[in-house]
Amino acid sequence: MWGKNAVNAPWSSRSLGSRAQHAVFYALIRAAGTTVAYVLLFFVVTWYTLRPSVRRRSRAYLERRFPGAGRAAAWRHAWKLQWSFGQCLVDRAAAGLRGGFIFEEIRGEDPRPLLAEGNGVILLSAHTGCLQAATHALAEISGLPVIVLQHSEPDDVDKQIHEHTGQEPPYRILRTGGGPETVLALLRHLRQGGVLCLMGDRVEGSAEQAVRVSFLGAPVRMPCLAYRLASASGAPVLCVFARRTGPLRGSLHCAECIRPPAGLGRQAQAYRAYAQRFASALERFVLDNPYRFFNFYDLWES
Amino acid sequence: MDIRTALKQELIKELRLEDIGPEDIDNAAPLFGEGLGLDSLDAVELTVLVQRRFGVIIEDIDAAREAFASVDALAGYIETRKGELPCAGPGLSQ
């Protein structure tokens, strides 16, 4: 029983909490450590989950992941998803404020042979948590220059790891929506053998830059930038999903390597099969890790 | 063939611009957004096209910003860079 009255708001990276509320968590982590922050998080998550407007944000995803769930089960799933997301945010702040995040392992396909090919590598990920910590680790493992293509909004209040430390991150951040110069910078970076990290589950820009694929039993739109860059540069696309495995601990699941051929051109439909492979890999991850897919808007165009 | 005409023909062919001829493209109009209507991702194919067809690699971001301004600007960039390169790749006759 998920409720049918309201329509989800479009996707936004803005936090539910205010700047002051984030500051309380940061101060608590600094003064008392992450365990105390988790205790506060428990009450904050419970408070938020009691609010129908917050539960509606995850409804589209949870309805598909847990079809037919009753009212109590739906509430429990929503709480667990918010709890899992909150833990990732606390860990991210703690990693920046206190350090000590342990990146445990890389599962699945070993990225090191791909990194050694010298053609650049595109790490295509999704909103599954602790990706920043994973990127830090990958940048150190690879020894290669890394660019992270990141979405941000003026009202974003939750800080990145490097904003807590005050140090330069071991990678360069480029913002999405930067125009043709940004796209060219990404292409040049790959041609020089660099690593590019970006998200494959959120569409930004025009509809022509995305393709329709099937995900959890219904059509969604996913971006095709990664596959276009791969076709133009020769870089392989490695589908990677970071996963929080415990307090200040995470792992990286390298699900699948996709190699679009050269010369596919600009028509988005030419990349549909590759976007579908990514969607299928993400679906397998989500089926195994239902509370690790932080989707708080209606991805399904319902 | 004039480089601007060759460039416009390549743009139409490689970017699969429909219902448009070289004469319809204003040499001074922007390539991206208003004008020819390319979107930011088209910079990928445009860069590949210029390299493959004219043997010129567009790598410098500031130069690219100017080169992507219009057909005139891109043609000027290609002409300048072809003159600088000892082996500039395929010629316009191909």
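Trainee: Among contacts in chain B between residues at least 6 apart in sequence, what share joins residues at least 24 apart?

Mentor: A contact means heavy atoms within 4.5 Å. In chain B, 58% of the contacts between residues at least 6 apart join residues at least 24 apart. For chain A, residues 24 or more positions apart account for 78% of the contacts with a separation of 6 or more. This is a predicted model, in which local features need pLDDT of at least 70 and side-chain atom pairs count only at pLDDT 80 or more, while totals for chains, interfaces and linings use all residues. Residues are numbered from 1 along each chain as its sequence is written, chains are lettered from A and ligands numbered from 1 in the order in which they are written, and side-chain values use heavy atoms, with hydrogens and water left out.

Trainee: How many helices and strands does the secondary structure of chain B come to?

Mentor: Helices (H or I, at least four residues) and strands (E, at least two) are DSSP runs, numbered from the N terminus. Chain B has 4 helices and 0 strands, in the order α-α-α-α along the sequence. Chain A has 10 helices and 9 strands.

Trainee: What percentage of the residues in chain A is buried?

Mentor: Buried means under 20% relative accessible area, exposed over 50%, and partly exposed in between (1.4 Å probe, protein chains only). Buried residues are 54% of the 302 in chain A and 45% of the 94 in chain B.

Trainee: Which residues form a nonpolar patch on the surface?

Mentor: Patches are made of residues with over 30% relative accessible area and no salt bridge; like charges are joined within 9 Å, and nonpolar side chains (Val, Leu, Ile, Met, Phe, Trp, Tyr) within 5 Å. Areas come from the Shrake-Rupley method with a 1.4 Å probe, and for residues only the protein chains shown count as cover. Here A:Val39, A:Phe42 and A:Phe43 form such a patch, with about 300 Å² of accessible area together. A:Phe43 sits in helix α2 (residues 34–50) of chain A and counts as exposed because its relative accessibility is 54%.

Trainee: How much area is buried between chain A and chain B?

Mentor: Buried area is the accessible area (1.4 Å probe) that two parts lose on being put together, summed over both. The figure is about 2000 Å², with 61% from carbon and sulfur atoms. On the chain A side, A:Glu181, A:Leu184 and A:Arg266 lose the most area to chain B, together 32% of what that side buries. In contact terms, 21 residues of chain A meet 22 residues of chain B.

Trainee: How many salt bridges does the rule find across this interface?

Mentor: A salt bridge is a side-chain nitrogen of Lys or Arg within 4 Å of a carboxyl oxygen of Asp or Glu. The rule finds 4 between chain A and chain B. A:Arg228 and B:Asp42 form a salt bridge at 2.9 Å, N to O.

Trainee: Where does A:Cys130 lie, and is it buried or exposed?

Mentor: A:Cys130 is in the loop between β2 (121–125) and α6 (131–142) of chain A, and counts as buried because its relative accessibility is 15%. Its phi is positive, near 45 degrees, in a residue other than glycine.
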